[in-house]
Amino acid sequence: MSVLDVPTPMLGSGMVRVQNRYSLISVGTERSTVTAARDNLIGKARGKPEQVRQVLETLRNQGPVQTYRAVMKKLDSYSPLGYSCSGVVTALAGDVRGLKIGDWVACAGAGYANHAEIVAVPANLCVALPENADAGLAAYNTVGAIALQGVRQADLRVGETCVVIGMGLLGHLTALILRASGIRVFGVDVRSGALELGKKHCLDDAAVLDDATLAPRVAALSRGIGADAVIITAATKSLEPINLAGRLLRKRGVVVIVGDVPTGFQRDPDFYRKELTLRMSCSYGPGRYDLGYEEKGLDYPVGYVRWTENRNMQAFQDLLHGGRMDAGYLTTHRFAFADAPAAYDMIVKGEVECLGVLLEYPTDHADDGSRVFVGKAVPARVASDVIGIGFLGAGSYALGNLLPNIDVGNRVALTGVMTASGTSSRGVAEKYGFAYATGEMSSVLADPATTTVFITTRHDSHGDYVCQAMAAGKHIFVEKPICITGGELEAIARAIPGYDGQLMVGFNRRFAPLVTKAKVSFGPGPMAMTYRVNAGAIPGGTWIQDPELGGGRIVGEVCHFIDLLMFMTGSLPVTVNAVAMSDATNNEDTVAINLVFANGSIGTVAYLANGARKLPKEHIEIYQGGQVAVISDFRELSLYTAGREVRTRLFSQDKGQKVMVRSFLERIRLGGPALIPFAELYAVTAATFSVLRSLRTGQTERVAVTGDAPAPLAEG
């Protein structure tokens, strides 16, 4: 564990930048996180069997090199801690409403409301605080909203009885909210000390888990009826909490699961005969894990969803600062932020009873961290024969397939790296030897030492970043897609005539060794091609499926396969016709796409999201003049010609990333035309837009070429 100097986090659309005053260590959750992080590899594997299965599947599909990179990326990355804080607003994105610079706010969200001097948080995960608010108590924001959502799920009325099993911080907050709502509260835990504290502040009665008088005392508190609800806030692998809940509840009572417990309850006698209801409580409430709500700032109409996560947070702050409950006793320890490791040591050792542990931040911090220098300084201007590379974005693909293939030192220098998270920027800079980490795109583009920019951010930023990098005179490698709207594509096309750099899109498959070998075996002229992609399902709620953030899977990934067919036939696509399978997801990611190319070639892309994971992902067949080439998942090539079969098999999968990256850098060094002509980059992207139109119209659609009017595709 380290306290690191990291860049100020990027202020994206819909975001609020906050200078923290306090952040809360969630003792139970973060103790588990830190304990797991300190475990050895065997312990990590035992604790996360699902991730072990993913590693083995990656090994089978992609070979040892890519698997090692993927595993080490996870193990070597910094993981920021914390998800609940309070502080003062220092900056706002232009589309944020209802807040202003200088407002005091409470914030929530893992990956956003971290233990850090400066955080950037989506507006829907911030709530304004009243004047004279206690900023320390306000930092309980996230845990308080979680507790409140559990109480809402119990749906209790004034005068009813609730049992809270698990009297840690979450249990105490739950009991405080219940008490403030006129509910009689009984606490259960394995620790008598936690119960004694609870009886002083938030419990009407309490008993340790194995107390023989527990059930009779719950009956007495409920006047012989039995508990109306049980809220489980404990974390355990035991089934005892949920089975105990069944014994304590009245007929048709409710069990609410807030903590991390198994749900394999005994059906009979209690759950079955009493017709009990089991409810799961999802974090802070409706809106959690919804990209539209959390990242885009779209609210749910109050007439349909009364209590969203933001409104839950606001209600919790009202309880805190309206005098309806006294939570001051919850803060058992305070540490200066610089002493955070000592706080975690205390928590992990468990020798001291603690509930709320606050980290306190200095009030005189200056937000001047646009760059953090971590490596050897790069000169203001690199030598004319040195390629200075900056990265905008550095996610899994960049770390696994791009950065490892850049031959640093061979007249190549890594200048700056920008990611949305200052923590990840710092980690990438340290691992790969960038001179500095930053949270600002402009820091990289304005750097004269940066002659080449790799753009590997989320898809919605690609078009804008490409245009800005072109205007800055940088060579550009942009991971596919080059953009996600027709307007962005036209803006890039308009800039091309005045651009004298190298523009490259990451269509790596055309550089794969088996593809190269197959290509030379065919002559000019029409060919017939099929490309089957066992793509697998991706839930509709992820950013990749979102038309505004990822562009959808056709724009975001099918471009790869259209490009490879175009490369094989050496001709631009002119028409497409597409049909999608009707299913409940409506993601349009199980599709058959037929393409006709200018030289008469035809190609079919079968992009399938409904296949079995065991089937290799990609299978390509090319037919021409009595010859056939079959490429199986970029591991094996079979060439059928002149009555014989020639088979080439690789030790591990090779999709061409290494050759692509090094060819791009070599082209910058030697000069010459772009590796992939812009007409081809344009045509592939336009073809994906035409696929979407064909799915909507049911008709064959023309593919726009460079110089055409913008494709009639709605933005996004």
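Helix 5 and helix 6 cross in a right-handed sense (right-handed means that the near helix is turned clockwise from the far one by less than a right angle, left-handed anticlockwise). This is a predicted model, in which local features need pLDDT of at least 70 and side-chain atom pairs count only at pLDDT 80 or more, while totals for chains, interfaces and linings use all residues. Residues are numbered from 1 along each chain as its sequence is written, and side-chain values use heavy atoms, with hydrogens and water left out.

**Stop 1: helices 5 and 6**

Select residues 141–154 (helix 5) and 169–180 (helix 6): their axes come within 9 Å and cross at roughly 55 degrees. Helices are DSSP runs (H or I, at least four residues), numbered from the N terminus. Axes are lines fitted to C-alpha atoms over the stretch in contact, and angles run from 0 to 180 degrees between N-to-C directions. The pair is therefore oblique; angles under 35 degrees count as roughly parallel, over 145 as roughly antiparallel, 65 to 115 as roughly perpendicular and the rest as oblique.

Next, show the contact residues. On helix 5 they include Ile146 and Val151, and on helix 6 Leu173 and Ile177 (contact means heavy atoms within 4.5 Å). The contact holds ten nonpolar, two polar and no charged residues. Ala, Val, Leu, Ile, Met, Phe, Trp, Tyr, Cys and Pro count as nonpolar, Asp, Glu, Lys and Arg as charged, and the others as polar.

**Stop 2: alanine 154**

Stay on helix 5 and pick Ala154. Alanine 154 is buried, at 4% relative accessible area (buried is under 20%, with a 1.4 Å probe and protein chains only). Leaving out residues up to four places away in sequence, Ala154 touches Ala229, Ile231, Val256 and Arg279.

**Stop 3: the cores**

Now select Phe391, Met568 and Leu665, which touch the most other members of the largest nonpolar core, a set of 99 residues. Helix 20 (residues 552–569) gives the most to this core, eleven residues. A nonpolar core is a set of buried Ala, Val, Leu, Ile, Met, Phe, Trp, Tyr and Cys residues joined through side-chain atoms within 4.5 Å. A second, separate core has 69 residues, among them Ala93 and Met313.

**Stop 4: helices 20 and 22**

Among the contact residues are Cys559 and Met566 of helix 20 and Phe689 and Leu692 of helix 22.

How values were computed: Helices (H or I, at least four residues) and strands (E, at least two) are DSSP runs, numbered from the N terminus. Buried means under 20% relative accessible area, exposed over 50%, partly exposed in between (1.4 Å probe, protein chains only).
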